[in-house]
Amino acid sequence: MAPELPEALRDVAERAVGVLAPETDIFEDVDIAGFGESLVKAVRASVAHPVVPVKSALHLAGDLVRIPLAAGARWLGRDVPPPVDADPKDRRFAAPAWQDNPAYYSIRMAYLAAAKAAREVIGSAEMSPDESRKAMMMLDLIVDALAPTNFLPTNPAALQKAFDTAGASLLKGARNFVGDVINNGGKPRQVDRSGFEVGANLACTPAKVVYRNELMELLQYEPQTEQVHAAPLLCSPPWINKYYIMDLAPNRSFIEWAVKQGRTVFTISYKNPSADMSGTTMDDYLVHGPSTALDVIQEITGAETIDIVGLCLGGAMTAITAAYLTQQGDNRVGTLTLLNTMLDYAQPGQLGAFTDMKSVERLERKMKKEGTLEGETMAGTFDILRANDLIFNYVVSNWLMGQPPPAFDILAWNADSTRMPATMHAFYLKNFYVQNKLATGELEIGGARIDLSVIKSPTYVVSAINDHIVLWESAYKTVNLVSGPVRFVLGSGGHIAGIVSPPGPKVWYQVADGDEKLPASAAEWRSGAARKQGTWWDDWARWSAETSGPMVEPPPMGSATYPVLGAGPGTYVLG
């Protein structure tokens with residue numbers, strides 16, 4: 001990790017980290033999903049049926065009349081209920097002036113009243129559920145953009161800092177703004193990556209590259225214990241970001257943790273695809289990714305079974321691989337660990353607004369022209385979904401307050417984007433998000449129809465309470481799709497922060513101990529689950545030790561068939 005951040009910058013970084021998700025790179029922009037079009041339709045529908053708009057206008061007028069009266073009463077020391085309900089947890093208005101100063105109190109209340117009225121109008125439009133949700137999300141973006149905190153004259157904290165620094169913060173903010181316009185497409189930078197280097201302070205657990213094909217490199221990690229468990233461990237990362245979120249930084253690396261628990265760890269590092277790989281299919285990813293990795297690992301280690309840990313979309317590929325091989329009579333897969341993984345896409349979280357057939361077909365047409373979906377342009381989608389944390393959080397910090405973007409390891413990884421092959425990506429969107437074929441047993445890959453119920457391996461499923469991409473209730477559905485024993489763990493944090501979960505005082509997890517079969521309902525499971533302080537890493541290590549075989553001498557690094565090709569983290573992660 002980078003040097004310790006000041007408290008203000010750490011807060012900015014942690015707000016962003018809490019909502020990160022690599023899956024949100026599956027779309028390029030809101031125009032593809034038709035957000036603006038849906039908002040226009042909602043406005044037209046409201047004008048055609050003006051009953052609710054008129055009522056909302058009257059309510060807004062009443063609120064605006066009461067606001068100065070309430071502000072004056074508060075200034076005189078009287079405790080008066082606010083004219084508009086305000087969220088006390090809204091950190092945009094944390095400065096005391098928003099409560100104590102009558103002018104700023106009035107500005108805040110007027111903004112909240114106008115936002116409330118706008119949402120009432122758009123929410124009343126008669127539209128399809130998909131279009132209504134898109135319209136509301138586009139409206140939320142506009143409302144968030146117009147927040148008084150985003151403008152210097154109406155941001156008391158920024159004005160106070162300008163006064164305290166004799167204007168120096170304004171000069172620094174202007175410099176940040178100009179730099180972002182020139183070098184970052186006009187968006188505030190989320191992270192200072194200058195202090196991070198892959199292989200030096202990121203992805204630096206000692207490893208060797210032992211295999212390479214046109215799609216992936218396979219890394220083998222050096223042992224750090226005198227003996228290791230007999231079953232090796234393969235890490236299967238998502239293919240839409242680089243693998244090292246699983247090997248982030250010293251003391252913040254799940255791979256480092258697993259190695260120290262006596263595991264022989266291998267990981268896949270996917271190549272960042274170029275336009276000439278546009279025809280690469282999901283079949284290719286299955287055959288030349290996890291399936292080939294298992295061949296190599298078995299040859300190097302001689303192990304009969306190999307455990308797999310899959311993260312996000314890599315978790316879906318892990319389950320597909322296990323089912324596919326089992327259906328072929330191949331029983332090499334040992335245990336499965338699925339981290340924030342969705343196998344049933346019936347409730348796809350916030351990405352559901354982007355995954356209707358019309359939006360997917362628009363994106364497919366665009367990808368056919370370019371061959372890939374460019375990593376540099378894909379981040380905008382999720383920034384819009386969580387604009388307060390991923391855009392306007394930085395507008396205030398970088399531009400109005402004159403602070404540098406934070407140096408934070410997870411944000412540095414998130415900015416290290418990749419591309420995706422057009423054919424594979426279109427197949428994934430249609431078959432998983434739109435048609436949910438994996439859960440229904442209709443998905444065909446590698447010439448076989450994938451049946452998840454054939455998976456009888458012990459399975460460890462991790463979800464995060466604040467994950468809005470893979471809702472934990474959706475992740476829980478895995479227990480009903482596989483046939484083997486399942487341990488389901490609900491942890492603290494969000495989609496990515498919940499995976500980077502080293503031991504610490506703030507982390508916790510919930511688990512239902514016992515050997516009985518888990519209930520079918522997520523709500524029923526949680527009612528009987530116990531909350532425990534600490535990280536799920538510890539719980540996984542205990543579970544893993546029971547299922548990964550006896551302790552043996554570490555295998556060699558590479559073999560005669562698969563010699564060491566170079567040092568980790570390899571070449572593909574740098575591309």
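Asn431 is buried in this predicted model, with a relative accessible area of 9%. That residue is part of helix H18, which covers residues 422–434. Leaving aside anything up to four places away in sequence, Asn431 touches Asn436, Lys437, Leu438 and Leu443.

Now for a contrast out on the surface. Ile182 belongs to helix H9, residues 168–183, and counts as exposed because its relative accessible area, 63%, is over the 50% cut-off. Together with Phe177, Val178 and Val181, Ile182 makes a nonpolar surface patch of about 370 Å².

Here are the two residues side by side:

| Residue | Relative accessible area | State |
|---|---|---|
| Asn431 | 9% | buried |
| Ile182 | 63% | exposed |

In soluble globular proteins, nonpolar side chains tend to be buried together. So what about the cores here? The largest nonpolar core has 113 residues, and Leu218, Leu234, Trp239 and Phe488 are the members that touch the most others in it. Helix H12, spanning residues 313–327, supplies the largest share of this core, with nine residues. Apart from it lies another core, this one of 48 residues, including Tyr244, Val265, Cys312 and Leu339.

Trp239 is worth a look of its own. Again skipping residues up to four places away in sequence, Trp239 touches Tyr270, Met282, Tyr285, Leu313 and Met317, and also Thr418, Arg419, Met420, Met424 and Tyr428.

Key
Residues are numbered from 1 along each chain as its sequence is written. This is a predicted model: local features need pLDDT of at least 70, side-chain atom pairs count only at pLDDT 80 or more; totals for chains, interfaces and linings use all residues. Side-chain values use heavy atoms; hydrogens and water are left out. Patches are made of residues with over 30% relative accessible area and no salt bridge: like charges are joined within 9 Å, nonpolar side chains (Val, Leu, Ile, Met, Phe, Trp, Tyr) within 5 Å. Accessible areas come from the Shrake-Rupley method with a 1.4 Å probe; for residues, only the protein chains shown count as cover. A salt bridge is a side-chain nitrogen of Lys or Arg within 4 Å of a carboxyl oxygen of Asp or Glu. Helices (H or I, at least four residues) and strands (E, at least two) are DSSP runs, numbered from the N terminus. Buried means under 20% relative accessible area, exposed over 50%, partly exposed in between (1.4 Å probe, protein chains only). A nonpolar core is a set of buried Ala, Val, Leu, Ile, Met, Phe, Trp, Tyr and Cys residues joined through side-chain atoms within 4.5 Å. Contact means heavy atoms within 4.5 Å.
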